[in-house]
Structures are given as C-alpha cells and as structure tokens.
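Please view the sequence and the structure together before reading on.

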Amino acid sequence: MINQTIVASILKEAEFKQGGFVWSHMKQGKSDPMVAVRSAVDRMRELHDIPDNQFNNVCNDVLFAMQQRVGGR
C-alpha cells in the first residue's frame with residue numbers, strides 16, 4: 001500500500017511526464033527502460049523517503065505504470 005502512494009508521487013515528477021527524461025527514453029525505445037526508471041527513482045530516494053528494502057518494488061511499479069502510459073496499453 002505504501003508503494004502505491006510513493007509511486008503516485010513519483011509519477012507526478014517532471015522526469016515521468018510527457019517529454020520528461022524517462023518518458024522520452026521509453027518512447028524512443030532507447031535500451032532498457034528499467035535503467036532510466038532506476039536512475040530517476042534513485043535520484044528521488046530522499047525526496048520521497050523510499051526505504052532501501054522497497055526500492056526495487058517501487059522501480060518495478062513505476063516501470064509498469066510508465067509502460068501503460070507511454071505504450072498506451
């Protein structure tokens with residue numbers, strides 16, 4: 001449950017909006033999108049109080065949400 005709150009907050013950040021770093025990376029099909037997600041989420045760890053033991057789960061949830069948004073699936 002806490003992950004969903006964190007994910008929702010992260011998805012409001014500029015990097016994850018249309019035209020942002022992660023969005024553009026995924027839209028252009030550059031390498032592995034998880035690399036872009038992990039990089040952006042890692043920079044936001046303190047801002048969103050992401051515990052170390054939740055980092056991978058949060059990244060997976062953010063990636064899934066971004067795939068839905070960018071891919072329009």
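With 73 residues, the protein chain has a radius of gyration of 11 Å, which agrees with the value near 11 Å for a compact globule; the radius is taken over C-alpha atoms, and the globule rule is 2.2 Å times the number of residues to the power 0.38. Along its principal axes the C-alpha trace spans about 30 × 20 × 20 Å. This is a predicted model, in which local features need pLDDT of at least 70 and side-chain atom pairs count only at pLDDT 80 or more, while totals for chains, interfaces and linings use all residues. Residues are numbered from 1 along each chain as its sequence is written, and side-chain values use heavy atoms, with hydrogens and water left out.

The protein chain holds four helices and zero strands, in the order α-α-α-α along the sequence; helices (H or I, at least four residues) and strands (E, at least two) are DSSP runs, numbered from the N terminus.

Buried residues, those under 20% relative accessible area (1.4 Å probe, protein chains only), make up 37% of the 73 residues. The largest nonpolar core comprises 23 residues, and I10, F16, V41, V62 and M66 have the most contacts inside it. Such a core is a set of buried Ala, Val, Leu, Ile, Met, Phe, Trp, Tyr and Cys residues joined through side-chain atoms within 4.5 Å. At least two of its residues come from each of α1 (2-10), α2 (21-27), α3 (33-43) and α4 (55-71), and α4 gives the largest share, eight residues.

Beyond its neighbours within four places in sequence, V41 is in contact (heavy atoms within 4.5 Å) with I10, F16, I50, F55, V58, C59 and V62.

Note on methods. Buried means under 20% relative accessible area, exposed over 50%, partly exposed in between (1.4 Å probe, protein chains only).
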